[in-house]
Amino acid sequence: MTPNKLRDMLGNADLTQSARAAMSVANGVQDYPDKGVRLMGTAAAFLLAAEASGLPVTDVIGMARNCINTAEGKRPEFAAVADYVQHEVLA
């Protein structure tokens, strides 16, 4: 798949499904007792996926920020994920 097609797919990704996928990733690292390992594993998976897409990593981060946030703050779907990450994954 070309980077341009992937960029279009990212820009049109369903927000609710994207939040559910983010929660699945966060939940998946819970099996590891060390929170440093949880964070590094999550970060490494993101970086590997972003690099494999052929898109600039900074572009993927920007698109993720736009997906997560509105002008008023985090979308409710992602606020729940952020709360889970803060209080369960990295606590």
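Predicted model: local features only at pLDDT ≥ 70, side-chain atom pairs only at ≥ 80, totals over all residues.
Let me begin with a definition: helices (H or I, at least four residues) and strands (E, at least two) are DSSP runs, numbered from the N terminus.

Residues are numbered from 1 along each chain as its sequence is written, and side-chain values use heavy atoms, with hydrogens and water left out.

Let us stay with helix H2. Helix H2 covers residues 15–28, which is 14 residues, and from its first C-alpha to its last it reaches 20 Å, close to the 20 Å expected at 1.5 Å a residue, where the expected span is 1.5 Å times one less than the number of residues. What caps the N-terminal end of H2? Asp-14 does, through a side-chain oxygen that lies 3.1 Å from the backbone nitrogen of Thr-16.

Thr-16 itself lies in helix H2 and is partly exposed, with a relative accessible area of 34%. Here buried means under 20% relative accessible area, exposed means over 50%, and partly exposed is in between, using a 1.4 Å probe and protein chains only. Gln-17, also a residue of helix H2, counts as exposed at 56% relative accessibility, whereas Asn-27 is partly exposed, with a relative accessible area of 45%.

Now I turn to the charged pair. How many salt bridges does the structure hold? It holds one, where a salt bridge is a side-chain nitrogen of Lys or Arg within 4 Å of a carboxyl oxygen of Asp or Glu. The side chains of Asp-59 and Arg-7 meet in this salt bridge, at 3.3 Å from N to O. Asp-59 lies in helix H4 and Arg-7 in helix H1 (residues 3–11), so the pair ties together parts that are 52 residues apart in sequence. Asp-59 is partly exposed, with a relative accessible area of 29%, and Arg-7 likewise counts as partly exposed at 29% relative accessibility.

Next comes Ser-53, which lies in helix H3 (residues 35–53). Is Ser-53 buried or exposed? At 14% relative accessibility, Ser-53 counts as buried. Its side chain reaches the backbone nitrogen of Leu-55 at 3.1 Å, and Ser-53 touches Pro-3, Leu-6 and Val-60, not counting residues up to four places away in sequence, where contact means heavy atoms within 4.5 Å.

On the surface, Phe-46, Leu-47 and Ile-61 form a nonpolar patch, with about 210 Å² of accessible area together. Patches are made of residues with over 30% relative accessible area and no salt bridge, with like charges joined within 9 Å and nonpolar side chains (Val, Leu, Ile, Met, Phe, Trp, Tyr) within 5 Å. Ile-61 is found in helix H4 (residues 57–68) and is partly exposed, with a relative accessible area of 30%.

Finally, Ala-82 lies in helix H5 (residues 76–89) and is partly exposed, with a relative accessible area of 28%. The C-alpha atoms of Ala-82 and Ala-26 are separated by 9.4 Å, and these two residues are 56 residues apart along the chain.

How values were computed
Areas by Shrake-Rupley, 256 points an atom, 1.4 Å probe, with all protein chains shown as cover. Polar contact = N/O pair within 3.5 Å; in protein donor to acceptor, adjacent residues only side chain to side chain.
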